[in-house]
Amino acid sequence: MHGFFETDILSDMQKPFYVKVLLVVTLLLGINAFAQEKDHSSSEEKGSLKTEIKEFIGHHLLDSHDFTLFTIDEENNEHVGFPLPVIIWDDGLKVFSSSKFHHGESVAEVDGNYYALYHGKIVKTDAEGTINYDEDHHATNVKPLDFSITKNVVFIFLVSALMLFLFARMAKSYKTSALPKGIGRLLEPIVLYIRDDIAIPNIGEKHYKKYMSYLLTVFFFIWIINLLGLTPLGVNVTNNIAVTFALAILTYLITTFTANKNYWKHIFWMPDVPVFMKIVLAPIELLGTFIKPFSLMIRLYANITAGHVVLMSILGMMFIFKNWIGSPLSFGLAFALSLLELLVAALQAYIFTMLSALYFGSAVEEHHDH
């Protein structure tokens, strides 16, 4: 009797516990179902937001025929900026303002011909702006030769003018004083570092002077352009493969046309190896002369482009998370990565300059140096 009474009391005490468990499980299932329904209803919104972010990143990385500071109204295509001159060759030279494109939203009529912007490229079209595609969905419209002054070209000119001004002032100050004045005091240690730690050790004291002007130019050009790429101006010159290709070609041409006979002898008829190996190694060494500038081009292009894509992707995550945890974390990570990009901007300039000096050194190396 006593045992039955205790069991009955225990059963009465456990009933509320089971009820509580049941209520908690029911509540959790309801919350989960509501969350799934909410996620399902907002999946299209998130998908469109991700697509919009990807398109913005792609647009940011592209060069453009106008310079836009910021957008006032995206729907009405209202922007603050200024147009740039468009110069094309299509059965003759045609010059007009990029304002005719209205930021890529309309067709430009020039001398009875119609042109439109397609993924940042000028293509010939009709009055309606029709883009024709092949079976692989590639545009088949005729692309005229484009010599336009684009946003990247403008900043190349600006950086070139800035460098010319700074170093002209610095050189002028040496005529009256042993120490430079103004910003020259900041530039002098960098110049001495490039001379003493890059040029002389890799090229040699006998030949380094004739390469110093190029090494200094390419270092400061890449460094300043990379720093501008981290500003809100949207300047991405070195993530344009045409620019890195031109820089690499300059290094290749200087290496090729200043090389001595010992350099070519080591390529086509390597000394101190059997004749059969000379024949085998010659095409490999010749191919290596082309691979070196190719690696310069890809290294600079890929590192800068990857940095911009990662940084902007992290910033875009703030608009995807939309909560008090994800957004601050994304901002903090983007800020830390921005600081790292400042280091990368200088590091890429250093690497390009260092490798160029190595190639120049191998081109003028004397036989007795081995």
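These legends describe close-up views of a predicted model. Residues count from 1 along each chain as its sequence is written, and side-chain values use heavy atoms, with hydrogens and water left out. Local features need pLDDT of at least 70 and side-chain atom pairs count only at pLDDT 80 or more, while totals for chains, interfaces and linings use all residues.

**View 1**
A pocket here is an open set of points on a 1 Å grid over the protein atoms alone, with protein on both sides within 12 Å along at least five of seven lines. Grid points are joined across faces, edges and corners, and a volume is the space filled by probe spheres set on them. Lining residues have an atom within 4 Å of a point. There are 30 of them in this pocket, and Asp63, Asn152, Asn240, Ala242 and Val243 lie nearest its centre.

**View 1. Helices contribute to the lining of the second largest pocket.**
Helix 2 (151-173), helix 4 (209-228), helix 5 (241-258) and helix 7 (275-321) each supply at least two residues. Helices (H or I, at least four residues) and strands (E, at least two) are DSSP runs, numbered from the N terminus. By class, the lining holds 15 nonpolar, 12 polar and three charged residues. Ala, Val, Leu, Ile, Met, Phe, Trp, Tyr, Cys and Pro count as nonpolar, Asp, Glu, Lys and Arg as charged, and the others, Gly among them, as polar.

**View 2. Strand 6 and strand 7 make a hairpin.**
Strand 6 (residues 113-118) and strand 7 (residues 121-125) pair in the antiparallel sense over five bridges. Two strands pair if DSSP finds at least two bridges between them. Tyr114 stands opposite Thr125, and Tyr115 stands opposite Lys124. Two residues separate the strands, and His119 in the turn has a positive phi of about 55°.

**View 3. The largest cavity takes lining residues from helix 5 and helix 7.**
A cavity is a set of grid points where a 1.4 Å probe fits but cannot get out. The count comes to two cavities of 30 Å³ or more. The largest holds about 70 Å³ of space. Thr251, Tyr252, Thr255, Tyr263, Thr289, Lys292, Pro293, Leu296 and Tyr359 line it. Helix 7 gives the largest share, four residues. The lining has five nonpolar, three polar and one charged residues.

**View 4. The second largest cavity takes lining residues from helix 7 and helix 8 (326-364).**
About 50 Å³ of space lies here. The lining consists of Asn226, Leu230, Ile304, His308, Glu341 and Ala345. Three of these residues are nonpolar, two polar and one charged.
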